[in-house]
Every structure is written in C-alpha cells, then in structure tokens.
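Here is a short report on a structure with its sequence. It goes chain by chain, then turns to the contacts.

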Amino acid sequence: MYIKILAGTMILTGCLGLGLWYRRQYRERIRYLQGLDQVLEGMSREIAYGRNSLPECSLALAHRLKEPWQSLLLRVEEAWKAGMNYDFSEVFSETVRGELKNSPLRGNDIEVFLEFLPVEGCFDEEMQRGRIERSRDGLGRILNGLRKEEEPKSRMSVTLGLMSGLLLILILS
Amino acid sequence: MEETLRWIFPAEMQKVFETVCLQQSKISEIRLRAMRPILIRRSGEEWFVEENGRLTKSPDPAAKISVKQLQTILDRACQNSPYAYEEELKNGFLTIRGGHRIGVTGQVVAEGEKKIRTQKYITGLNIRVAHEVSTAADDVLSQIYRKGQVLSVLILSPPGCGKTTFLRALIRRVSDGNPYGGGKNVGVVDERSEIAGAYQGEFAYDLGMRTDVLDACPKQAGISLLLRSMSPEVIAVDEIGEQGDYELLRKLSTCGCKLFATAHGDSLQDILRKFMLTKQELGAVFDRVVLLEKRDGKCQVKAVEALEDEACI
C-alpha cells in the first residue's frame, strides 16, 4: 500500500514538475526576448550617441548588460578578434546562434533578432538604426503574442501536468 | 612587421593577396580599380598581382577585381558599419585599424551643389600602407634643437614621401627625449587617426611616453582642448592645408607651444604660395622646414631650411 502511495506521489510530482517546467520555459523565453530587445535598444543608442561601429556597440554593451548577455557579447568580441574571418555580421550571427542554441528561445526568435545585421553595410546612420528598429518590431510582435497567452498557457500547462499525473495514477491503479 | 592588412580581404581573396600581406613592410600602396589589374607599389616600383598571389611586371596575367569585391573590401574595412565612417567617406578616405588610409572613389551622391553626401558603387580603392620607421627623424634631430630647446617644424613633401612616418618618428624622439634635449610633453591632434593608428583606444604606433593623443578630432577644437587640459610643450598636427589652418597655428605659436605640422608641397615656395605668405610670416610660426623626397624608392630628407637664420644643410 505504501509503495503504491509512494509511486502515485512520484508520478503526480513528475507530471506536475513537467507542467511547471513548461511554464518556466515559456516565461524564460519571454525574459530572453526582452534581453534581445535590450541589446538592440542599446545598439541603437550607441549608434545615435557615438556613431559607433557595430563591433564597438557590441563591446560597449558587453560591459554594461547583465548575464547572459554580457558573456554572449564578450564571446562575439573574442571570436571577432581571434578569427581569420573578419566579417562582423558573420561572426556575430554564428556566435549568437551557437551560444543561444540551448536557450529557451526558438530558432525564429534568433533569426528575427539577427535581421538588423546588414548583408552589405548601411551607408547611413538612419538606415542602420532603421534596421535595428525593424528587428525590435519583429521581437515586439513575438513578445506581445507570448504575453497575451502567458496567463492561460501557464495555467493550462500546470493543470495539464496535474491532470495527466492523476490520469496516469488512475490507469496504473 | 606585423600583418595588419589581411583582415580587410575576404576569404576568397586571401590567396590573391597572400604575397601582398606577407610583404606588407615593403609595400607602400595597393591600388584596386574595378575590372582593372591589381597594382601595388613595392620598394618604389610598380607591380601587378596574379591570381595565385605572385607579383609580376606584366599587366596581362594580373588578377582583376570586381565592383562587388571592392564593395566587400570596403565593407570589411568599415567593420560592416559604413555609417560610422560617413564623414570620412564624404571626404573620400577612411583610416582603418593600423593607421592605413583607404582612398575611395565611386558614384558621388551630392547634396546641393557643393556638398557630398556619400559615395556608392565603389569603383576604386587606394590603400596606403602605414609604416613605422622609428629612426626616420634621427638625422635631423640636431637641427631642430637650439640650446636644448626644441623648435617648431614644418614637414613638407609631395604625397607618398613619408610625411606622417617622419612626423610620428619625430614626436616619439621628442617625447622620449634624445641626446639634444630632454623629454617634452607632446599633444597630438590626430584628425585622421593616421599618426597614432588608434583603434578602440589602442595605438598601433608608439608615440613616446609623454605623448597625449586626441584621436579623430578636428584641429581647431583639438588644439584648444589640449591647451586647456594637458599643458603640452609641443603640439603636433598632420596635413595642414586650409587657409584657416595657418591662422590657427599662428595664434597657437603665441601661446608658448612649439609646433610640428606636415603639409603637401614640393618646396618652401609651394607652401608660401599656398598660404599666400612671405617667408618672414611663415617664420613667425615655424623655425625649420624639413623637405622630404623619394629617391630610388626610398623616402629621405632632402633639406632642412631654417626660416629665421641661415640654412642648416
């Protein structure tokens, strides 16, 4: 009897944990998207204030932002200085894709973020800042959608976890 | 000498520019023109570059460069941020990491009748490779000091004869001190980032232990700032040429500071004509004029003229 209770508790805890993990991932994705937006906002400001080049913006932000963005931008700087490939757009994209591969972000989130990088450089400050704003708009749209669904989805994931645990216990008993 | 140019060439062009990068110390100029052979100037002689990187005297086997490749090189030189070099591109050149200067020609986007907004469809790049010759000024040091005091010097030569290299060496020797005088506080207004080769706060060239550099700063604002804040004994600027520049330096010469400056010109008469000055008027600002020339492919001192007394050479 005790073993059955113990097993049931474990199943219930496991399923509830799964639901909570899903909710956490969902919230973390929102947090990461906000972080990406902060990086873009910072870049735009750096360009507007000091007309800094993209590598300079990246380095300046690396010393101002909190983790995980600080490490990410420092990695970009490392790769940019060490590599033979000195195309900053390529170095930045590759490093960001690699570093954020295991983050709660989806592939599309990262691609929307990277849209600000020019294939060929922008000759005008306004043009470059325009590209950054477009990326921010894209991230903003994703963020708005996620925020709108945050409450119901979070509740649903926890409830579903709990319900599936109960169902599993019923089936097994 | 460290290779400081390789990074501007994209991966697919590394082979073509292999020899050029390896022989950077001997190369003074790389000329890239759309659909024309790649030309370099090495030890004073003109060479073409083949696809496999070999240098040749004949233009026939030489590699040609496309408009797209030119654009890519410029883009890399600007670190994918041409907007950050907008002002430089308006003036037709930009200085990259290492102090190398890239002249740019293409289709000009004009703003009104006199102003250039930017350039597009780049068709020509002239990469002037910067060199550090720390002993370049040693031969004339004895002539630019009087009773242990350094004098104001104007360095004069046609383009490509090593004015900036000479100025750099002179600043370093005066700043560190030498057998003719103790070390002086030198303030450098590096308008084009060529003298110190500054990149993100790091200098590519050693300008001496008592040198303060204002990087990418217009002359007038820079000189005022240095005077107010760093109490320099010598102020150095590169390439004076505008009418206002002379007036600015004349005012500065009354502040008790010595001046080092460079200007384009073949002779002292050239510069007098350019600024519409008499020798006495120029002598009110500068004590010595160092004339440089290129002989047998080497940059050297042609003469040192004293503006206030007899010629030194």
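## Chain A: the helices

From the N terminus on, chain A runs α-α-α-α-α-α. That is six helices and zero strands. Helices (H or I, at least four residues) and strands (E, at least two) are DSSP runs, numbered from the N terminus. This is a predicted model: local features need pLDDT of at least 70, side-chain atom pairs count only at pLDDT 80 or more, and totals for chains, interfaces and linings use all residues. Residues are numbered from 1 along each chain as its sequence is written, while chains are lettered from A and ligands numbered from 1 in the order in which they are written.

Helix 1 (residues 2-50) of chain A packs with helix 6 (residues 125-172) of chain A at an angle of about 170 degrees. Their axes are 9 Å apart. Axes are lines fitted to C-alpha atoms, for helices over the stretch in contact, and angles run from 0 to 180 degrees between N-to-C directions. The angle makes helix 1 of chain A roughly antiparallel to helix 6 of chain A. (Angles under 35 degrees count as roughly parallel, over 145 as roughly antiparallel, 65 to 115 as roughly perpendicular and the rest as oblique.) The residues of this contact divide into 26 nonpolar, 12 polar and 10 charged. Ala, Val, Leu, Ile, Met, Phe, Trp, Tyr, Cys and Pro count as nonpolar, Asp, Glu, Lys and Arg as charged, and the others, Gly among them, as polar.

## Chain A: overall dimensions

The C-alpha trace of chain A spans about 75 × 35 × 25 Å along its principal axes. Chain A has a radius of gyration of 21 Å, whereas a compact globule of 173 residues would have one near 16 Å. The radius is taken over C-alpha atoms, and the globule rule is 2.2 Å times the number of residues to the power 0.38.

## Chain B: two domains

The domain assignment of chain B gives domain 1 (6-128) and domain 2 (138-306). Such bounds come from an automatic or database domain assignment. The C-alpha centres of the two domains of chain B lie 28 Å apart. Nine residues of domain 1 of chain B are in contact (C-beta atoms, placed from the backbone, within 7 Å) with 12 residues of domain 2 of chain B. The domain 1 side of this contact has no nonpolar, six polar and three charged residues.

## Chain B: sheet and hairpins

Seven strands of chain B form an open sheet with mixed pairing, in the order 14-11-15-16-10-17-18. Two strands pair if DSSP finds at least two bridges between them. Strand 14 (211-215) and strand 18 (298-306) of chain B each have a single partner strand, so one side of each is left without a neighbour in the sheet. Strand 11 (residues 186-190) of chain B runs parallel to strand 14 of chain B, joined by five bridges. Here B:Val188 has B:Val213 as its bridge partner.

Strand 6 (residues 101-111) of chain B has antiparallel bridges to two strands. Three bridges join it to strand 5 (residues 93-95) of chain B, and 10 to strand 7 (residues 115-128) of chain B. Strands 5 and 6 of chain B form a hairpin with five residues between them, and B:Gly98 in the turn has a positive phi of about 100 degrees. The hairpin of strands 6 and 7 of chain B has three residues between them.

## Where the chains meet

Chain B puts 16 residues in contact with 20 residues of chain A. Helix 2 (67-77) and strand 7 of chain B each supply at least two residues of the chain B side. Helix 2 of chain B gives the most, with three.

Notes: Contact = placed C-beta atoms within 7 Å.
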